[in-house]
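Morning, everyone. Let me put the model up, and then we will walk through it.

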Amino acid sequence: MSVPYSALLLDVGNSRTKAAVLQKERIIMLGPVSDEDIGQLIAKSQSMVLAAVGNPLLTDWIRKEAQRRRVQCIEARVTAKAFGISCAYESPSALGIDRWLAILGAGCGRHRAYAVIDYGTAITCDFVDAERNHLGGWILPGVNSMRGALVQTTQNVAARKTGWSRMEVGQNTMDCVDAGCLSAAQGIIYQAREFCRRHFADFEVILCGGDAEQFWRKNPDVCDFQPDLIFKGMALFMPEKQA
């Protein structure tokens with residue numbers, strides 16, 4: 001059943017809040033939004049889906065603002081099974097909601113096994129088999145976290161505070177740090193493909209997240225890039241989608 005009105009999708013993350021609008025079957029991404037933007041978006045909406053992994057004060061304000069404006073607010077949560085996909089965690093609530101939404105979003109219309117890699121503050125990779133069972137996944141630092149940790153825990157290693165070298169092999173310490181962090185982050189694509197080859201007869205690897213596009217551009221033949229994947233997962237929680 002199609003959604004007869006616009007709905008707001010809000011993803012409250014650790015470092016920023018991202019928004020999208022669901023119009024009928026189309027997701028329109030708005031990108032990062034300020035607190036002031038959030039209030040204006042809520043005021044223009046009849047309903048919304050909220051997913052929060054961080055910033056509890058902002059999340060609580062969003063709930064109260066939606067209630068004040070009489071906007072239906074549905075909170076996306078991790079459960080043992082949703083939309084035909086089972087969660088591997090013994091305690092499903094311990095799985096991050098962004099990971100679950102990416103898993104659900106990637107499962108829309110997909111009938112074979114897949115790995116979904118989310119390049120954000122942390123990099124996560126989750127595997128789902130053709131029977132729609134979530135098998136589990138991996139978590140590792142995002143590229144900025146890798147670089148920051150290297151500088152903080154290693155003596156005599158300097159790194160850029162902003163920007164990235166695009167050299168494949170560094171010829172000074174800063175370039176070596178950048179090349180190493182980017183290569184490590186890119187390597188998860190190949191490790192995911194190797195896992196899939198061992199366990200699945202047929203599979204796909206899907207990338208999402210703020211840092212994903214650069215890795216997809218280097219590997220367009222072995223993976224897909226879906227920037228709106230988490231919002232696709234959020235859209236499933238609209239009552240009309242569940243009808």
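Where does UniProt place the feature "binding site"? The unreviewed entry puts it at Tyr89, Gly96, Ile97, Asp98, Arg99 and Thr173. UniProt positions are given in the numbering used here, feature names are shortened, and annotations may be inferred rather than shown by experiment.

A word on the ground rules. This is a predicted model, where local features need pLDDT of at least 70, side-chain atom pairs count only at pLDDT 80 or more, and totals for chains, interfaces and linings use all residues. Residues are numbered from 1 along each chain as its sequence is written, and side-chain values use heavy atoms, with hydrogens and water left out.

Back to those positions. The lining of the largest pocket includes Tyr89, Gly96, Ile97, Asp98 and Arg99. A pocket, on a 1 Å grid over the protein atoms alone, is an open set of points where a 1.4 Å probe fits, with protein on both sides within 12 Å along at least five of seven lines; lining residues have an atom within 4 Å of a point.

Take Tyr89. It sits in the loop between strand E7 (85–86) and helix H3 (97–107). Helices (H or I, at least four residues) and strands (E, at least two) are DSSP runs, numbered from the N terminus. Tyr89 is partly exposed, at 28% relative accessible area. The scale is: buried under 20%, exposed over 50%, partly exposed in between, with a 1.4 Å probe and protein chains only. Leaving out residues up to four places away in sequence, Tyr89 touches Ala94, Leu95 and Arg99. Contact means heavy atoms within 4.5 Å.

Now Thr173. It lies in helix H5 (residues 173–199). Thr173 is partly exposed too, at 40% relative accessibility.

Strands pair if DSSP finds at least two bridges between them.

Strand by strand, then. E1 (residues 7–12) and E2 (residues 17–23) run antiparallel, joined by 6 bridges. Leu9 has Ala20 as its bridge partner in E2. E2 and E3 also run antiparallel, with 7 bridges. There, Lys18 has Pro32 as its partner in E3. E2 and E3 form a hairpin with 2 residues between them, and Lys24 in the turn has a positive phi of about 55 degrees. Lys24 is exposed, at 61% relative accessibility.

Last item: cysteines. How many disulfides does a search of the whole structure find? It finds 0, a disulfide being a pair of cysteine sulfur atoms within 2.5 Å. Cys87 is buried, at 12%. For Cys108, the nearest cysteine sulfur is that of Cys208, 13 Å away. Cys108 is partly exposed, at 35%.
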